[in-house]
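Dear colleague,

I am handing over the structure we spoke of, and would be glad if you could look it over. My notes on what was found follow below it.

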Amino acid sequence: MNKHKIMEALSIKIKIIDRMYPVKVQPEDETFVRQANKMLEERIRNYQKKLRIQDQQDLLAMVAFDCLVENFKIKKQDISQADMLMQKIDAWREAMEQILQGEPSK
């Protein structure tokens, strides 16, 4: 028998602009899905209040666009941080090679 039990997907309902949608999620993802749903509803309310957008399709389009822009920013930041870490690792590697070869560091 397999020691790792495969968890069954949970059936939950999420609400997006007054409509309920059934969603199946893994138990370990349920918290993330519910947090994402809450954040989505908050963004929709903010667009309704700040920009006075009432059309549901326009609201969803603006929120989707906003989320995509935010995603691109995060990815760019992650890439920049990864590049910076790689430069540091390369510098440390070079310094260690010089030390091992008996050369003074720069």
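**Notes on the model**

N37 is found in helix α1, where helices are DSSP runs of H or I with at least four residues, strands are DSSP runs of E with at least two, and both are numbered from the N terminus. N37 is buried, with a relative accessible area of 15%; buried here means under 20% relative accessible area, exposed means over 50%, and partly exposed lies in between, with a 1.4 Å probe and protein chains only. Not counting residues up to four places away in sequence, N37 touches I14, K15 and I16, a contact being heavy atoms within 4.5 Å. The C-alpha atoms of N37 and A64, which are 27 residues apart along the chain, are separated by 13 Å.

Before going further, please keep in mind that this is a predicted model, in which local features need pLDDT of at least 70 and side-chain atom pairs count only at pLDDT 80 or more, while totals for chains, interfaces and linings use all residues. Residues are numbered from 1 along each chain as its sequence is written, and side-chain values use heavy atoms, with hydrogens and water left out.

**The hairpin**

Strand β1, residues 10–16, and strand β2, residues 19–25, pair in the antiparallel sense over 7 bridges, where two strands pair if DSSP finds at least two bridges between them. Within this pairing, K13 stands opposite P22 in β2, and I14 stands opposite Y21 in β2.

The hairpin has 2 residues between the strands, and both I17 and D18 are placed in the loop between β1 and β2. As background, most residues other than glycine have a negative phi.

The C-alpha atoms of R34 and I14 are separated by 7.5 Å, although the two residues are 20 residues apart along the chain. Leaving aside neighbours within four places in sequence, R34 is in contact with I12 and K13. R34 is partly exposed, with a relative accessible area of 40%.

**Helix α2**

Helix α2, residues 56–100, has 45 residues and reaches 65 Å from its first C-alpha to its last, which is close to the 66 Å expected at 1.5 Å a residue; the expected span is 1.5 Å times one less than the number of residues. At the start of α2, a side-chain oxygen of D55 reaches to within 3.2 Å of the backbone nitrogen of Q57. At the other end, α2 is followed by G102, whose phi is positive, near 80°. Which residues of α2 are buried? They are L59, V63 and Q98, and what covers the buried residues of α2 includes α1, residues 30–50.

**How α1 meets α2**

Two packed helices are described by the angle between their axes and the distance between the axes. Here α1 and α2 pack at an angle of about 120°, with their axes 10 Å apart; the axes are lines fitted to C-alpha atoms over the stretch in contact, and angles run from 0 to 180 degrees between N-to-C directions.

On the α1 side, L40, R43, I44, Y47 and Q48 meet L59, L60, M62, V63, D66, C67 and E70 in α2. Of these, R43 may be worth a look on its own: R43 is buried, with a relative accessible area of 14%, and, not counting residues up to four places away in sequence, touches V63, D66, C67 and E70. N46 also lies in helix α1, and counts as partly exposed at 39% relative accessibility. N46 and L59 are 13 residues apart in sequence and 9.7 Å apart in space, C-alpha to C-alpha.

Definitions and conventions. A polar contact is a pair of N or O atoms within 3.5 Å; within protein, one must be able to donate a hydrogen and the other to accept it, and residues adjacent in sequence count only if both atoms are side-chain atoms.
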